[in-house]
Amino acid sequence: MAEFIKIYEENPNPKEIKRVVKILRDGGVVIYPSDTVYALGCDIRNNRAMERVAQLRGVKLEKANFSFVCEDLSNLSDYVKQIDSPTFKLLKRNLPGPYTFILPGNNNLPTVFKKKKEVGIRVPDNAITRAIVHELGNPIISTSIKDEDEVIEYTTDPELILEKWDNLVDLVIDGGYGGNIPSTVIDLTGAEPVVIREGKGSLEL
């Protein structure tokens, strides 16, 4: 049975954030709110937890396109090759925000992603998410939770999420109703930014 914790975005309770981080450090998989849709996440340093997330999404871990959720841009150089000034300014203008930026990965990527040439970086505009990543001290691996219902695509009610995922994850955070529009995905690995998926937000180029 998953734990169910209510956390308020206006003022995330540090005690509850610590509880979430303890579960992540122990290899747990959590469902958390973001500035777009609810997402599955785990500690980027825990291979077994990442395997579980991949299994839940029905993909092979080494081929999975998970996002790295960071607190801010200071984590960039940990996983991303050096980027030029215009690219960095573009990121600064739009983050935190509802975007996933595809950037060229460097040699420090977790072992399971060593063959990957690129990485998706997220800095959500959500105080709960950023407090978790801050307390954890490193990014979390993330993937949005889809709904089988073709019409709604993303579940927005935390109680319904708990009902469905209760036996599959270790914790569901109730951060209020979620959105149902995913992040906009922008590829920054080429000469010009390319929007791969239109989602929430209007990008400032």
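Trainee: What makes the second largest pocket a pocket rather than a cavity, and what is its volume?

Mentor: In this predicted model, the second largest pocket has a volume of about 250 Å³; a cavity is a set of points from which a 1.4 Å probe cannot get out, whereas a pocket is an open set, so the term pocket says that this space is open.

Trainee: Which residues lie closest to the centre of the second largest pocket?

Mentor: Of the 13 residues that line the second largest pocket, Asp 84, Thr 87, Gly 190, Ala 191 and Pro 193 are the closest to its centre, and helix α4 supplies the largest share of the lining, four residues.

Trainee: Why are Thr 87, Leu 90, Leu 91 and Asn 94 of α4 called buried?

Mentor: Buried means under 20% relative accessible area, and these four residues of α4 (residues 85-94) are classed as buried, so the relative accessible area of each is under that cut-off.

Trainee: Which strand gives the most to the lining of the largest pocket?

Mentor: That is β6, with four residues; the largest pocket has a volume of about 740 Å³, and its lining divides into 16 nonpolar, 10 polar and six charged residues.

Definitions and conventions: Residues are numbered from 1 along each chain as its sequence is written. This is a predicted model: local features need pLDDT of at least 70, side-chain atom pairs count only at pLDDT 80 or more; totals for chains, interfaces and linings use all residues. Side-chain values use heavy atoms; hydrogens and water are left out. Buried means under 20% relative accessible area, exposed over 50%, partly exposed in between (1.4 Å probe, protein chains only). Helices (H or I, at least four residues) and strands (E, at least two) are DSSP runs, numbered from the N terminus. On a 1 Å grid over the protein atoms alone, a cavity is a set of points where a 1.4 Å probe fits but cannot get out, and a pocket is an open set with protein on both sides within 12 Å along at least five of seven lines; lining residues have an atom within 4 Å of a point. Grid points are joined across faces, edges and corners, and a volume is the space filled by probe spheres set on the points. Ala, Val, Leu, Ile, Met, Phe, Trp, Tyr, Cys and Pro count as nonpolar, Asp, Glu, Lys and Arg as charged, and the others, Gly among them, as polar.
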